[in-house]
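Hi everyone, thanks for coming.

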Amino acid sequence: MKEKIKELKDKKIFHKDNIEWINGHYLLFCLYESLVLNVVMESVSRHSLLGALLYVLRRPVMFVFNALILLLFLGVGSVFRRRMMYNAIVSILLLALGITNGILLCFRTTPFAAVDFLLITSAIRIVKLYLSPLVIVLILAAIVAAIVFSVVLGLKTPKYQGKLHVAAMLAAAVVYAFSLIGVNRILVACGVATENFSNLADAYRNYGFSYCFVNSVINLGMEKPDDYSAEHIESLVEGSLNAPFPVNPLEPGMGNGWIGGGNLPPQNDHTSVETTPSADTAPELTGKPENSDMLPGSVSDDPDTGMPNIIFVQLESFFDPYTVAGLEFSEDPIPYWRELTQQYTAGALYVPSVGAGTANTEFEILTGMNLDFFGPGEYPYKTILKSTTCESIANNLKALGYTAHAIHNNDGTFYDRHIVFSQLGFDTFTPIEYMYDVERNVNGFARDEILVGEILKAMDSTGGEDVVYAISVQAHGEYPSQRLEDEEPIFIRYTDLDMQYAWSYYVNQIAEDDQFIKRLTEALEERGEPSILVLYGDHLPYMNLETEDVEGGILTATEYVIWDNIGLEKNDADLEAYQLSAKVMQEAAIEQGILTKLHQSCMSDEDYLSKLEMLQYDMLYGEREIYGGINPYEATELQLGIDEIAVTAVEEEEGHIYVYGTGFNEYSHVCVNGEPQKTTYVEAGMLLLETAHLSQGDVVTVAQIGTDNIVLGETEGFVYE
């Protein structure tokens with residue numbers, strides 16, 4: 001590094017006179033630097049220097065405003081004598097943000113936002129799927145080199161020798177910052193900029209990385225609506241929702257509850273309707289999907305008159321590949337899904353993200369809340385829901401006597417679900433750490449077939465009605481750039497040869513999901529209880545898709561279908577994700593929940609979204625006027641898994657210590673006096689403790705520990721004698 005600095009000095013770049021000039025004209029230098037740095041950051045973010053230059057030409061005002069934002073951070077260095085050190089450190093940090101955004105946009109369509117720092121632990125666990133070990137090492141080496149370079153540069157270059165006016169410069173920086181806020185208000189008023197990013201990717205392209213990233217730092221949470229007040233909330237509840245104020249949402253029948261009064265809704269014979277992919281999207285290579293005369297659940301021989309079980313299955317990256325232009329198949333990968341959509345209520349589902357952001361679609365479905373009202377790129381799972389409870393489909397249905405279960409065949413700590421699901425009112429949560437005999441696909445993700453047994457197990461664990469929320473993972477990216485296995489039954493052709501293997505892998509994964517869905521509906525039908533099954537895709541897969549590549553030109557559109565075995569009428573509708581649970585409740589003749597009633601009764605109102613924003617703010621950030629000033633929901637004592645895990649014996653045999661019990665799996669670790677030990681899984685009732693010795697009185701437990709080393713649960717202690 002010292003040799004590099006010397007080389008630069010020899011080229012006169014760090015000549016003493018140059019450094020002294022920069023020190024003496026620091027703000028002027030920073031202005032020039034901010035313009036150059038802005039071009040570099042936009043080029044990296046757009047993966048194109050030409051794209052950055054076109055942005056400068058098309059939106060010169062926003063380009064300059066972005067540069068002025070960078071100038072604020074760089075200009076603070078004028079209060080230091082070692083200005084070059086400060087400048088180097090800040091420049092590298094700013095450039096690192098831009099580079100991070102560029103890298104992330106290689107793997108997802110959602111740009112880098114401040115909330116991503118809250119996802120760092122989750123990102124570390126999956127980074128190996130996207131980057132090779134060599135690339136990871138090179139990135140870490142670059143970070144270390146940048147830090148060393150900054151420090152050496154600062155120490156080797158001359159200090160500023162003039163008089164420092166620290167107080168005056170700090171005051172000027174504050175004034176400048178407030179001036180930027182004022183300019184921003186003017187730009188927003190003139191329509192040049194916006195602070196509400198309905199589509200984060202478009203916002204970054206239109207308004208620039210620096211502006212949008214700073215907005216993501218400042219604008220977390222929800223802004224207080226201008227007309228927010230107790231009087232307004234009362235008027236909304238009593239007028240629009242026709243409910244008493246304040247509301248007690250825990251009271252069974254709030255909003256009329258099960259309005260069927262013991263009678264099932266009107267029945268339909270689910271006569272098959274012929275629907276095939278359109279001529280534009282069905283390639284010649286593909287035969288038309290065949291219709292089925294009868295699907296499981298199409299006729300209920302002996303319908304129960306009680307409330308139905310309600311099962312949601314969120315399908316990772318699932319959508320109809322027929323809608324992609326230029327993609328051809330040897331056979332339809334999702335024939336059963338297509339049959340379901342022909343015979344049951346179905347439609348487009350508009351989700352809040354593309355290529356990533358599973359937890360945000362999940363948030364909208366579970367709560368009925370609109371993510372657009374939050375800060376840019378925010379994940380409520382990582383912010384507000386870490387500290388508060390709120391209305392959810394789990395809490396709503398529990399007021400009617402349901403038991404609420406969550407299931408996910410992936411890490412339980414991902415997106416902090418092991419915390420958030422308690423806040424949302426779930427009674428049990430079964431992550432992969434509590435599953436058994438898990439089969440994985442060639443990319444290492446658990447196959448979704450395991451969810452069939454886990455859903456039935458959760459439902460069988462109670463004697464009453466259940467609401468189940470299952471999240472699949474099998475079709476998750478990173479999608480390969482080369483063939484991972486020879487056994488891919490469905491052959492595909494795609495116009496972009498670079499994406500050929502990625503599409504081949506993806507299509508064959510969702511083909512397996514199609515079979516999983518079929519087995520699940522068959523299992524629910526065989527089970528014999530009245531049930532409603534809601535299936536939907538959480539977002540499109542990341543495949544470098546542009547709007548012109550998909551039918552309809554909307555990258556945030558997936559699909560949903562509502563299967564049942566109680567004879568519900570087919571009632572198709574295109575929905576926002578935050579409207580889906582209310583739609584399901586409506587089909588089941590249930591109105592329980594404040595937001596449920598709002599979506600069911602006010603969607604045609606001109607001020608529908610304003611009402612939703614008002615209630616959403618009051619429930620999460622306001623005074624909870626709607627509940628009489630209290631939060632009626634309490635976090636649950638979340639039970640992890642359904643099967644009991646217990647230690648029944650600890651024995652030493654031939655120099656080895658074995659722990660016997662029930663419910664062990666590959667994630668089970670023996671703990672001695674609270675400390676996890678190196679453990680080998682032998683079978684469901686046996687673990688091998690690789691510790692050489694146990695002392696009398698040692699307390700032995702078994703903990704379920706994920707790949708991030710977080711203890712999810714632990715058995716009662718067994719005293720070794």
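Let's begin with a word we'll need. On a 1 Å grid over the protein atoms alone, a cavity is a set of points where a 1.4 Å probe fits but cannot get out, and lining residues have an atom within 4 Å of a point. The general idea is that rolling a probe the size of a water molecule over the atoms shows where empty space is left.

Quick housekeeping: this is a predicted model, where local features need pLDDT of at least 70 and side-chain atom pairs count only at pLDDT 80 or more, while totals for chains, interfaces and linings use all residues. Residues are numbered from 1 along each chain as its sequence is written, and side-chain values use heavy atoms, with hydrogens and water left out.

Okay, cavities. How many cavities of 30 Å³ or more does a search of the whole structure find? It turns up 5. The largest cavity has a volume of about 40 Å³, where a volume is the space filled by probe spheres set on the points, and grid points are joined across faces, edges and corners.

And what lines the largest cavity? You'll find L366, T367, G368, E391, S392, I393, N396, S581, A582, L595, T596 and H599 around it. Two or more of these residues come from each of α14 (358–367), α15 (393–398), α19 (577–587) and α20 (594–602). Those labels are for helices, which are DSSP runs (H or I, at least four residues) numbered from the N terminus. The largest share, 3 residues, comes from α20. By type, the lining divides into 4 nonpolar, 7 polar and 1 charged. In that count, Ala, Val, Leu, Ile, Met, Phe, Trp, Tyr, Cys and Pro are nonpolar, Asp, Glu, Lys and Arg are charged, and the others, Gly among them, are polar.

Now, salt bridges. Side chains of opposite charge can pair when their charged atoms come close. Here the rule is a side-chain nitrogen of Lys or Arg within 4 Å of a carboxyl oxygen of Asp or Glu. Searching the whole structure gives 19 of them.

Take R46 and E42, whose side chains meet at 3.0 Å, N to O. Both sit in helix α3 (residues 26–46), 4 residues apart, about one turn of the helix. Are they buried or exposed? For that we use relative accessible area: buried is under 20%, exposed is over 50%, and partly exposed is in between (1.4 Å probe, protein chains only). E42 is buried because its value is 2%, while R46 counts as partly exposed because it has 21%.

Compare that with D460 and R527, a salt bridge at 2.8 Å, N to O. This pair links distant parts of the chain, with D460 in helix α17 (residues 450–460) and R527 in helix α18 (residues 500–527), 67 residues apart. D460 is exposed, since its relative accessible area is 52%, and R527 is partly exposed at 23%.

Another one is K611 with D607, at 3.4 Å, N to O. At 10%, K611 counts as buried, whereas D607, at 37%, is partly exposed. There's also a network: D320, D332 and R338 are joined by salt bridges that share partners.

That's my tour, so over to you for questions.

Terms used:
On a 1 Å grid over the protein atoms alone, a cavity is a set of points where a 1.4 Å probe fits but cannot get out, and a pocket is an open set with protein on both sides within 12 Å along at least five of seven lines; lining residues have an atom within 4 Å of a point.
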